[in-house]
Amino acid sequence: MGVIPTHAHDPGSGEAYGPIPRKEDARFVRGKGTYVDDISLPGMLYGAVLRSPLAHARIVSVDATAARAHPKVQAVFTGEDLARRGLAWMPTLSGDMQAVLATDKVRFQGQEIAFVVATDRYAARDALELISVDYEPLTPLIDARTALDPGAPVVRDDLPDQSGNRIFDWAAGDKAAADAAFAAADVVVGCDMIYPRSHPAPLETCGIVADMDTVTGKLTLWSTSQAPHAHRTMYAMITGVPEHMIRIVSPDLGGGFGAKVPLYPGYLCAIVGSMVTGRPVKWIEDRSENLMSTAFARDYHMHGEIAATADGKILALRARVLADHGAFNATAQPAKFPAGFFHIFTGSYDVQAAFCEVTGVFTNKAPGGVAYSCSFRVSEAVYLVERLTDMLARELAIDPAELRMRNLLRPEQFPYTCATGWQYDSGDYPRALQLALTMAGYDELRREQAERRARGEYMGIGLSFFTEGVGAGPRGQMDILGLAMADGADLRVHPTGKAVLGISVQTQGQGHETTFAQIVAHELGISPDDVEVVHGDTDRTPFGLGTYGSRSTPVSGAAAIVAARKVRERARLVAAAMFEVAPDDLEWLDGKWRVRGDPDEAFGIADIALAAHSSLELPAGVEGHLDASAVYNPPNLTFPFGAYICVTDVDPGTGEVKVRRFIAVDDCGVRINPMIVEGQVHRGLADGIGIALMQAIVFDELGNCLGGSFMDYLLPTSMECPSPELGETVTPSPHHPIGAKGIGESATVGSPAAVVNSVVDALAPFGVTHADMPLTPANVWRAIQGRPIRPDLALS
Ligand code: CDP
């Protein structure tokens with residue numbers, strides 16, 4: 001296989017950033033990727049999960065006799081079988097306990113009841129039908145808004161201290177200050193709004209191949225994992241297999257978007273299957289299982305209020321949220337933040353007072369609450385504040401761009417501590433908004449809109465301005481199940497100066513093999529082609545918390561930089577010995593150590609690495625080679641931001657929305673690979689258009705999931721997504737070693753509000769001030785009619 005050419009890179013220049021093609025694409029475009037389902041081991045067996053058709057029912061009995069008699073079945077186990085091994089329940093990432101296989105009750109449609117292991121996938125599926133389950137149906141609790149009513153069915157009667165369905169009450173901000181600001185305000189606007197339950201829906205579903213070596217006792221897992229190290233620790237704690245005897249390989253992943261952060265019952269069942277049979281067991285979810293039972297995202301019922309002066313100065317914000325967590329509290333977010341980072345809901349504005357309260361409840365729905373391409377509930381926060389800002393603009397008859405410009409944080413206010421305590425690191429918000437307005441031709445668009453309205457055409461222009469907080473830790477404030485959020489990097493330099501970087505984060509399509517090679521290449525003055533990036537294998541990489549919440553570049557990227565700088569400093573000592581000068585006489589210039597005042601005398605990393613492995617007498621402080629490692633504990637989150645403008649055309653007869661243009665100006669600090677950054681933004685905009693216009697996992701009153709296939713849960717295609725017009729500003733993060741901020745999720749976070757603001761703007765002549773996502777043709781049409789969304793769906 002040929003080597004994919006990179007851009008004309010001068011290895012000595014010390015400048016490796018830039019839009020070089022992705023190294024990993026060499027295998028992807030040739031169909032040579034290796035996904036979990038590509039793993040095939042000798043003697044491998046196949047697992048299948050029996051799932052509950054009911055949302056809430058007591059299990060009277062489970063009879064697997066006929067399934068066990070199937071000639072191709074090697075093992076069947078039920079909740080009772082797992083209970084005998086102490087494995088019927090497992091911890092969630094939020095410290096709750098989730099049933100691996102149900103023993104007492106089923107608590108959501110699609111919940112796992114039994115696991116069959118057979119010699120082929122089809123026999124495993126067939127045998128599921130031979131298992132008979134006797135259910136005693138119970139009233140399901142589907143509408144989160146009734147979860148706290150007296151007499152509501154109690155979902156979690158397994159928890160000794162749980163009497164109702166309340167999981168937590170959590171608040172942030174200063175209530176008294178916010179109330180006082182509201183009381184003094186000239187104008188107050190408020191609204192109920194829903195951020196519907198959505199699903200990350202990666203192209204590749206979840207899966208695992210579990211291989212317990214009965215001779216060595218080593219358990220090897222090829223698994224769809226965004227956090228292999230954290231998963232290994234959890235498996236060790238759950239199964240009792242010592243951690244050093246567990247190896248997790250997370251090979252190529254077909255997307256994750258947060259959905260591959262949690263542990264799922266199917267993973268543990270495959271492990272037990274391998275332990276029981278002594279053979280490798282593969283379990284691969286199908287699409288419906290993925291949509292119905294793996295982790296959902298969002299599901300926030302919000303009431304927001306904004307207070308302002310008559311001339312549009314935002315004074316305060318308040319929010320009350322009911323968070324539907326489903327049947328088990330399995331959200332994936334730092335332990336001290338039960339509502340994630342939702343309290344960043346003051347957004348990008350200079351707001352002096354804010355208060356929010358969030359109540360989490362159980363319902364008979366699948367568990368989850370993962371950060372779907374967002375840093376822990378920032379999406380919900382941005383949506384709330386950006387919808388409220390548009391409503392305020394309408395109320396005050398101020399143009400929404402002008403209102404934002406009046407309230408955006410000014411560059412001189414950074415570092416800025418918002419009313420709920422986040423310290424934003426850096427930003428030039430007005431510049432980003434101004435660039436977006438210029439790119440859009442905003443004034444011209446407004447003129448066109450007026451002309452069209454006069455002709456009875458409904459065109460919308462929607463803005464959103466977002467600030468994200470990405471790159472969790474710091475470790476002292478953020479952990480998941482007691483594992484602090486820091487990440488390691490190991491950098492080895494071969495005698496010829498080629499490098500291997502082991503990282504604890506795991507790419508799911510973001511191009512880490514390229515950008516992390518660029519990071520090291522930039523620091524060491526070598527070519528990105530000369531750096532191999534190893535990830536996704538716990539035996540070959542250092543410990544770290546994994547990839548989600550756009551934390552790879554801010555945390556693991558920083559670890560790689562620190563390790564590379566250690567290598568560079570060690571190389572200085574060796575170079576000094578080579579030159580026979582003092583280390584202080586050297587300077588790092590254009591990717592080489594040079595003698596000050598004599599720039600022709602220079603050694604690059606390749607020369608120095610070879611010398612370090614030679615018989616050269618090594619200086620004090622150098623043991624023999626240049627290798628180095630680092631663990632990075634971020635001092636703060638990084639705060640990327642952006643200004644988005646969405647132009648839509650709405651057909652009032654059918655309710656159809658066409659996204660005509662999408663202008664996105666993003667600032668993620670210094671860009672390592674601008675092409676990859678733009679690719680991330682393209683994907684995120686498609687996410688946002690999908691969420692805003694067509695996606696929601698909804699349930700009927702019995703708890704039947706109505707979004708269990710791609711016929712119901714729609715994915716946006718190139719037909720629905722215009723080619724976006726991208727702009728950038730660069731405001732480096734002051735605390736990141738190269739000034740980079742995360743970008744992976746910005747567009748998913750920022751875009752839904754722009755789309756909804758655009759549609760609501762188009763519908764203004766009908767008096768529409770708000771309509772809940774997803775703005776399907778039917779929902780748009782209902783909004784035009786002044787009617788609420790269907791009340792029989794638990795969505796409204
Ligand atoms: O954690 P995740 O990889 O999902 O998000 P990220 O750290 O924002 O990075 C997404 C991709 O964009 C990675 O390949 C990054 O290295 C790259 N990136 C970049 O080139 N420049 C930035 N300032 C931020 C990210």
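Over the face of which residue does Arg197 lie? Arg197 lies over the face of Phe296, at 3.5 Å from the ring centre. The legends below describe this and other sites in a predicted model.

**Figure 1. Arginine side chains over aromatic rings.** In this view of the predicted model, Arg197 is placed over the face of Phe296, with a distance of 3.5 Å to the ring centre. Elsewhere, the charged end of Arg27 sits over the ring of Phe28, 4.8 Å from its centre.

**Figure 2. Division of the protein chain into domains.** Three parts are assigned: domain 1 (11-32 + 486-632), domain 2 (36-138 + 205-252 + 260-293) and domain 3 (296-472 + 636-794). Between the C-alpha centres of domain 1 and domain 2 the distance is 40 Å. Contacts between these two domains involve 17 residues of domain 1 and 17 residues of domain 2.

**Figure 3. The stacked pair of Tyr424 and Phe639.** The structure holds 24 aromatic pairs. In the pair shown here, the ring centres of Tyr424 and Phe639 are 5.1 Å apart and the planes meet at 25°; the pair is therefore stacked, as the angle is under 30 degrees. Tyr424 belongs to strand β20 (residues 423-424), whereas Phe639 lies in the loop between β30 (628-632) and β31 (641-650), so the pair ties together parts that are 215 residues apart in sequence. Both Tyr424 and Phe639 are buried.

**Figure 4. The tilted pair of Phe579 and Phe603.** Phe579 and Phe603 form a tilted aromatic pair, 4.5 Å centre to centre and with 35° between the planes. Phe579 is in helix α14 (residues 552-579) and Phe603 in strand β29 (residues 598-603); the pair thus links distant parts of the chain, 24 residues apart. The relative accessibility of Phe579 is 14%, so this residue counts as buried.

**Figure 5. A cluster of aromatic rings.** Phe337, Phe341, Phe376, Trp422 and Tyr548 are linked into a cluster by ring pairs.

**Figure 6. The largest nonpolar core.** This core has 162 residues, of which Phe115, Tyr235, Phe342, Trp422, Tyr424, Phe662 and Leu693 touch the most other members. Helix α9 (residues 378-396) supplies the largest share, eleven residues. Because domain 2 (36-138 + 205-252 + 260-293) and domain 3 (296-472 + 636-794) both give residues to the core, it lies between them. Beyond its neighbours within four places in sequence, Phe342 is in contact with Tyr300, Met302, Ala319, Val321, Cys356, Val358, Phe376, Arg377, Glu380, Ala381 and Leu384. Another core, of 47 residues, lies apart from the largest one and has Phe516, Ile561, Val574 and Ala575 among its members.

**Figure 7. The covered helix α10.** Helix α10 (residues 400-407) is mostly covered, with six of its eight residues buried. The buried residues are Pro400, Ala401, Leu403, Arg404, Met405 and Asn407. Their cover includes β16 (314-324), α9, α11 (429-440), α12 (442-454), β21 (458-467) and α17 (746-762).

Figure 8. A disulfide is a covalent bond between the sulfur atoms of two cysteines. The structure holds zero disulfides. For Cys646, the nearest cysteine sulfur is that of Cys721, 10 Å away. Cys646 has 0% relative accessibility and so counts as buried. Cys705 is likewise in no disulfide, and the nearest cysteine sulfur, that of Cys206, is 15 Å away. At 14% relative accessibility, Cys705 also counts as buried.

**Figure 9. The surroundings of Asp537.** Asp537 is placed in the loop between β26 (531-534) and α14. With a relative accessibility of 5%, Asp537 counts as buried. Not counting residues up to four places away in sequence, Asp537 touches Arg247, Ile248 and Val249.

**Figure 10. The surroundings of Gly509.** The loop between β25 (499-503) and α13 (512-524) contains Gly509. At 38% relative accessibility, Gly509 counts as partly exposed. Leaving aside neighbours within four places in sequence, Gly509 is in contact with Arg22 and Gln680. Gly509 and Ile676 are 167 residues apart in sequence, and their C-alpha atoms are 10.0 Å apart in space.

How values were computed. Residues are numbered from 1 along each chain as its sequence is written. This is a predicted model: local features need pLDDT of at least 70, side-chain atom pairs count only at pLDDT 80 or more; totals for chains, interfaces and linings use all residues. Side-chain values use heavy atoms; hydrogens and water are left out. Rings of Phe, Tyr and Trp (its six-membered ring) pair if their centres lie within 6.5 Å; planes under 30 degrees apart count as stacked, over 60 as edge-to-face and the rest as tilted. Helices (H or I, at least four residues) and strands (E, at least two) are DSSP runs, numbered from the N terminus. Buried means under 20% relative accessible area, exposed over 50%, partly exposed in between (1.4 Å probe, protein chains only). A charge sits over a ring if NZ of Lys or CZ of Arg is within 6 Å of the ring centre and within 35 degrees of the ring normal. A nonpolar core is a set of buried Ala, Val, Leu, Ile, Met, Phe, Trp, Tyr and Cys residues joined through side-chain atoms within 4.5 Å. Domain bounds come from an automatic or database domain assignment. Contact means heavy atoms within 4.5 Å. A disulfide is a pair of cysteine sulfur atoms within 2.5 Å.
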